[in-house]
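User: Got a model here I'd like to go through with you. Can we take it piece by piece?

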Amino acid sequence: MCGIFGVVSSQQVQSSLIDGLSKLEYRGYDSAGLSILTANNKIKRVRCVGKVKNLKSLLVKSKSRGVCGIAHTRWATHGEPILKNSHPHNSKCVSIAHNGIIENADELKKFLLKKKYKFTSDTDSEVIAHLLNYFVVYHNDATKALIAVTKKLQGSYAIGGICDKWPGTLLVACNGSPLLIGIGNDENYISSDMHALSNKSEKFILLSDMEIATITKDTVDVFSQSGKKLKKTISNSTKSNIEISKGTYKHFMRKEIYEQYDIVVNAIKNKIGAYGLLPNIFGPNSDKLLLKTKHIHFVACGTSYNAALIAKYWIEDVTDIVCTAEIASEYRYRTVNVPKGTLFVAISQSGETADTIYSAKKAKTRGYSSLLSICNVPESSLTRLSDLVYLTHAGPEISVASTKAFTSQLVALLFMTMVLSRTSSLKNIEKTILKQLKSLPSILKRTFSLEKIIKTIAKNFKNKKHTLFLGRGASYPIALEAALKLKEITYIHAEGYAAGELKHGPLALVDKNLPVVGLMPDNNLVNQVLSNLAEVKARQGLVYIFTNKKLKNSKTDKTKVVSMPSCGHFVSPIVYVIPMQLLAYYVAIEKKTNIDQPRNLAKSVTVE
Ligand code: F6R
């Protein structure tokens, strides 16, 4: 993961580096650092453990001033999140920041130790600094040195560097980790994403794998690994300059939970016309392609994977299409059989998740009818790889725990189910889904009004060590999502289970201290879920039921029932995930954890 930002300018770059880096903090916040080439051509490095705000304070005290610099915010992979492992890493005349993983770091370290280089960190990245120094001395040419370094590296990397031999130049290389070059006035930038460039430059160049670049305030030269100068396309950013702030909310997570209402309303407004779903919303000729589809392989990670699981329930419910939903880190390494007429669908909020990108790259070589991505970020690695793209337009999701991106993916997947249902022998499915979707905004409003009740319930979870979430059918992936949200931001161990699986093992965990949350929309599975919850009650488990079914509880029954608004079968996962997000949020409030930036995590998982 990690974020890299760099600036070369005619002006001093300290504040620009801090500003850019703050916007990349979602990529990791274990440590932060920067290196600047000062007026007397010295590399000044400032590093700290923790967040960019700590770096900002240190920078004020230090004498680091200059017109060319690189900055880094870290999500620890190799080596603990301590000062010596913070980037940038220095080696005599060079300083570098790295995002990615160097797979042959141990082998390179042996080579460099023989050349008498001294290692001061536990990171894989430090080998890059020493290698660059080695080849700078050897070639005395920035481009040749960068090419030589990248020829030695195996793995993924985005590298930003400075060298005191070329004071006004950023040294850059990229392979498998994203890096953009922003073109400004009298200054140029490097950045891990577009967002950090938003108030600085509208024009950008996207580096492709195995490319290197040297950048001054007036020039950008990009080369292939064979040393050929490349003519790169300069693109205009389509990203709107949305000011990202918490507004009146205390946390981005709660703001984003509430934004789900507008996201649903806008998706309905923008994709549904007077005669139903607009044609080809998944890209040119996508309707025709979807109607010919016999199989779908959904691939994603984390919350996006949970969305894929729900799509599998929806689509197989109403069509003959065979769907699989698979975790990208599994898909990318296994042998996959691809029957004729199979569509590959990647789902990702960021479009930068390494395992999903690699899976999509693999899919490109496996004879799928097409590669469709459902993604929230327009200029992302995933959308660039895809034949067809559906943008979820959820707006920037800042909280590490994904909420609004999930709902926007579910709406997209319901739209997909609508198109696919046209091949179904079942009557009026598309109309039924449409009707349910149109009813969703008012149901969501009623669901949000449960916030107060959920806030009270959350207090009961504060001191718990474990929690189980149970659901059947499309509520099972919501149980998984509920558990993911709770563990992610409260650090309480939580598991989502298909309710029917309880007696096959997890029932052994149930005692008077274990909260068990049942997600139970009133549908054909309600009696089965009730039986499973009865098994929990019989063992003194603390049962919480979220349901729109009227339940008759005896006076002695301690079960807490939260009455949900009634909703249609297809939209119920979208409705039932809301109280689960709020529950996790309020338990985290009780536990006083860092809600938007939970420990050990980062928003965009760009390493495998
Ligand atoms: C959980 C969460 C993660 C992401 C996962 C995939 O709240 O945010 O599990 O869902 O890392 O990320 P994307 O969707 O960006 O590929």
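User: Where does Thr73 lie?
Analyst: Thr73 lies in strand 4, residues 68-74. Strands (E, at least two residues) and helices (H or I, at least four) are DSSP runs, numbered from the N terminus. Before we go on: this is a predicted model, where local features need pLDDT of at least 70, side-chain atom pairs count only at pLDDT 80 or more, and totals for chains, interfaces and linings use all residues. Residues are numbered from 1 along each chain as its sequence is written, and side-chain values use heavy atoms, with hydrogens and water left out.

User: Thr73, buried or exposed?
Analyst: Buried, at 0% relative accessibility. Buried means under 20% relative accessible area, exposed over 50%, and partly exposed in between (1.4 Å probe, protein chains only).

User: What lies 2.6 Å from a polar atom of its side chain?
Analyst: The backbone oxygen of Gly28 lies 2.6 Å from a polar atom of the Thr73 side chain. A polar contact here is a pair of N or O atoms within 3.5 Å; within protein, one must be able to donate a hydrogen and the other to accept it, and residues adjacent in sequence count only if both atoms are side-chain atoms.

User: OK, zoom out. Which domains is the protein divided into?
Analyst: Domain 1 (3-242), domain 2 (249-444) and domain 3 (449-599). The bounds come from an automatic or database domain assignment.

User: How far apart are the C-alpha centres of domain 1 and domain 3?
Analyst: Those two centres are 45 Å apart.

User: Now the ligand. Which residues come nearest?
Analyst: Ser304, Ser348, Gln349, Ser350 and Thr353, out of 15 residues around the ligand. A residue is near a molecule if one of its heavy atoms lies within 4 Å of it.

User: And which side chains have an N or O atom by a ligand oxygen?
Analyst: Thr353 is one: a side-chain N or O atom sits 2.4 Å from an oxygen atom of the ligand. Glu488 is another, with a side-chain N or O atom 2.7 Å from a ligand oxygen.

User: How much of the ligand does the protein cover?
Analyst: 91% of the 400 Å² of accessible area that the ligand has on its own. Accessible areas come from the Shrake-Rupley method with a 1.4 Å probe; for residues, only the protein chains shown count as cover.

User: Which elements give two or more residues to that shell?
Analyst: Helix 8 (302-318) and helix 15 (475-490). By domain, the shell draws at least three residues from each of domain 2 and domain 3.

User: How do the shell residues divide by type?
Analyst: Five nonpolar, eight polar and two charged. Ala, Val, Leu, Ile, Met, Phe, Trp, Tyr, Cys and Pro count as nonpolar, Asp, Glu, Lys and Arg as charged, and the others, Gly among them, as polar.

User: Where is Gly351 found?
Analyst: In the loop between strand 20 (342-348) and helix 10 (354-363). Gly351 is buried, at 0% relative accessible area. Gly176 is 175 residues from Gly351 in sequence, but the two are 13 Å apart in space, C-alpha to C-alpha.

User: Switching to cysteines. How many disulfides?
Analyst: The count is zero, where a disulfide is a pair of cysteine sulfur atoms within 2.5 Å. For Cys2, the nearest cysteine sulfur is that of Cys48, 14 Å away.

User: What about Asn285 and His393, what is their phi?
Analyst: Asn285 has a positive phi of about 60°, and His393 a positive phi of about 50°. Neither is a glycine.

User: Where do they sit, and are they buried or exposed?
Analyst: Asn285 is in the loop between strand 17 (276-277) and helix 7 (286-292). Asn285 is exposed, at 55% relative accessibility. His393 is in the loop between strand 22 (388-391) and helix 12 (404-420). His393 is exposed at 58%.
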